[in-house]
Amino acid sequence: MISFIWAEDSHGIIGNQGKLPWHLPDDMHFFKQTTMGHPIVAGSRTFHSFNRPLPGRTNYVISSKSDFPDGVQVLPDITSFLSIVSDNPETNYFVLGGANVFKQLMDQVDRLYRTKIDAEFSGDTSMPAVDYSHFKLVAETPGIVDEKNKYPHTFEIYDRVD
């Protein structure tokens, strides 16, 4: 199973200069809780935004380069990743991005975990268009808004319906 997990602002912005354009600890908690114990997959620029293997998860990076720290399994291309998924169909692989990886896997994704932030940010990277007619919203939970989490946000989970 392939799942996407990402946060986006009200205009679909997901990044700015290789980083998240917002500080939202509630989303980071959701991300950690959701992905812990599952393999995660990222493109090289997304991986370099946290620049270390995330603990408690098998870390895959799709890249033609091999200069990654110990604890990272490098896959040369999307086809290599899809082969691993095919060999382990019961495993839930969480794709973290970036936009190019999301775009390449859009037709194969089974589940979407989207944090929708009700605010606008400056950014240079947007989420590729998702055709939500192929998905059903199965869970929607409002996030915590407090002094540490200043932006209203909602955690949404969608399952593919076709």
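Author: Two strands pair if DSSP finds at least two bridges between them. The model discussed here is predicted.

Reader: How many bridges join strand β7 to strand β10?

Author: Strands of a sheet pair through backbone hydrogen bonds, either parallel or antiparallel. β7 (residues 111–117) and β10 (residues 153–160) run antiparallel, and Arg-114 stands opposite Glu-156 in β10. The number of bridges that join β7 to β10 is seven.

Reader: Which residue in β10 is the bridge partner of Phe-135?

Author: Strand β9 (residues 135–142) runs antiparallel to β10, with seven bridges between the two. The partner of Phe-135 in β10 is Arg-160.

Reader: Which strands stand at the edges of the sheet?

Author: The open sheet has eight strands in the order β5-β4-β3-β6-β1-β7-β10-β9, with mixed pairing. An edge strand here has a single partner strand, so one side of it is left without a neighbour in the sheet. The strands at the edges are β5 (72–75) and β9.

Reader: In which sense do β1 and β7 pair, parallel or antiparallel?

Author: Six bridges link β1 and β7. The sense of the pairing is parallel.

Reader: Which element gives the most to the lining of the largest pocket?

Author: The largest pocket has a volume of about 1,100 Å³. Of the 41 residues that line this pocket, the closest to its centre are Leu-20, Thr-46, Ser-49, Phe-50 and Leu-96. Elements that give two or more residues to the lining include β1 (2–8), α2 (44–50) and β6 (93–97). The element that gives the most, with six residues, is α1.

Methods:
Residues numbered from 1 in each chain as written. Predicted model: local features only at pLDDT ≥ 70, side-chain atom pairs only at ≥ 80, totals over all residues. Heavy atoms only, no water. 1 Å grid on protein atoms, 1.4 Å probe; cavity = no way out; pocket = protein on both sides within 12 Å on 5 of 7 lines; lining within 4 Å. Points joined across faces, edges and corners; volume = space filled by probe spheres on them. Helix = DSSP H or I, 4+ residues; strand = E, 2+ residues; numbered from the N terminus.
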